[in-house]
Amino acid sequence: MKKSMIFFFLILIAIVAYNGIYTIESGEETVITRFGEYARTETQAGLKWKIPLIEQRYTVNVAEVRRLEFGFATANEADPGMLPSYDRSLSNNSLMLTGDENLVNVEAIVQFRVSDSKKFLFNVDDQIGTLNTVAVSTIRRSVANNNVDEVLTDNKVGIQQEIRGDLQGICDSYGIGLQITAVQLQDVYPPKEVDDSFKDISRAKADKESKINEALSYENRVIPDARGEASKLISEAEAYREDRIRRANGDVANFNAVYEKYVFGKAVTRTRLYLETLEEVLPGMEIYIVGEDGNTLKFLPLQGVTGEGGIQ
């Protein structure tokens, strides 16, 4: 009877000890508690053992990247990484106010993974609900910090980075044990009631950019031609100036030469100038020399002009 009891207890101990055996898959961590207090965290994959009935284990997948959707819901919620049980009531309203008081619909995705299984299990009761609430407020605040153009197109990347940084900071301050791996503004669009007006504004902006590009193209085409024409006119003007100066200097020199001749023989110079002027105003005319008696001279009285010695 005594041997039977010992054998029974040995089998019972073996069964209890067997129940303490468990395995950890790759990408998982197991947190062990003893009498409700944290004891240790098993991070290596493989066959493990815990003290039965005394220790409890909680396995967390720390490799799986999960995501929360805001403003929309994926049709197939059974995809890996989805959390079909979380309450989306907090994020159903995608309508948000921008910094310049415009309304836009924002659809966003927040991707995250468990980075610290102990913090994830024990620091916050509703980890996903807390993350959902914090993410909604963070997205709304970031959208409110930007104007409508920045939210729609110009600064989507910056807003995504801002949301991710702020959200990670809040999660760290809460000790929630989550790592925000990515934030994506899935779609941002104006409300249906003002969609036509937004499209008109977008078309107007596109037309504005097109006109600016056309003007820049015209500027790039016309200005070089204008500069070339201006350079040509300046060169011609400088050449004209040099020519006028040169001709004026020549006229001055000629005048000075005539003046010198005039000083030494005023009557002769005056007569010569008179004759040269007549030649200029009456070109090609036949020349007749008329004597004091009014008759045309056939021969010039050179002796009378040059004196007794004849022509000198």
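Colleague: At what angle do α6 and α7 pack?
Modeller: Helix α6 (residues 195-264) and helix α7 (residues 266-281) pack at about 130 degrees, and their axes are 5 Å apart. Helices here are DSSP runs of H or I with at least four residues, strands are runs of E with at least two, and both are numbered from the N terminus. Axes are lines fitted to C-alpha atoms, for helices over the stretch in contact, and angles run from 0 to 180 degrees between N-to-C directions.
Colleague: And what do you call that arrangement of α6 and α7?
Modeller: α6 and α7 are therefore oblique to each other. Under 35 degrees counts as roughly parallel, over 145 as roughly antiparallel, 65 to 115 as roughly perpendicular, and the rest as oblique.
Colleague: Which residues make the contact?
Modeller: On α6, V258, K261, Y262, V263 and F264; on α7, K266, T269, R270, R272 and L273. Contact means heavy atoms within 4.5 Å. By class there are five nonpolar, one polar and four charged residues. Nonpolar covers Ala, Val, Leu, Ile, Met, Phe, Trp, Tyr, Cys and Pro, charged covers Asp, Glu, Lys and Arg, and the others, Gly among them, are polar.
Colleague: Before I go on, what kind of model is this?
Modeller: This is a predicted model, where local features need pLDDT of at least 70 and side-chain atom pairs count only at pLDDT 80 or more, while totals for chains, interfaces and linings use all residues. Residues are numbered from 1 along each chain as its sequence is written, and side-chain values use heavy atoms, with hydrogens and water left out.
Colleague: OK. How do α3 and α5 pack?
Modeller: Helix α3 (residues 127-144) meets helix α5 (residues 156-174) at an angle of about 140 degrees, with the axes 9 Å apart. That makes α3 oblique to α5. The contact includes L131, V134 and I139 of α3, and I163, L167 and I170 of α5. Its residues divide into ten nonpolar, three polar and three charged.
Colleague: Switching to strands. In what order do the three strands of the open sheet come?
Modeller: The order is β3-β2-β5, with antiparallel pairing. Two strands pair if DSSP finds at least two bridges between them. β3 (37-42) and β5 (55-61) are the edge strands, each pairing on one side only. Neighbouring strands are turned by 25 degrees against each other on average, direction ignored.
Colleague: How many bridges join β2 to β5?
Modeller: Seven, with β2 spanning residues 28-34. V31 stands opposite Y58 in β5.
Colleague: What about β1, which face is covered?
Modeller: In β1 (residues 21-24), Y22 and I24 form the covered face, and I21 and T23 the uncovered one. In a regular strand the side chains alternate between the two faces of the sheet. Four bridges join β1 to β4 (residues 46-49), and the two run antiparallel. The bridge partner of I24 in β4 is G46.
Colleague: Is F35 buried or exposed?
Modeller: F35 is exposed, with a relative accessible area of 65%. Buried means under 20% relative accessible area, exposed over 50%, and partly exposed in between, using a 1.4 Å probe and protein chains only.
Colleague: And where is E101?
Modeller: E101 is in the loop between β7 (95-97) and β8 (103-114). Phi of E101 is near 65 degrees, a positive value, and E101 is exposed at 68% relative accessible area.
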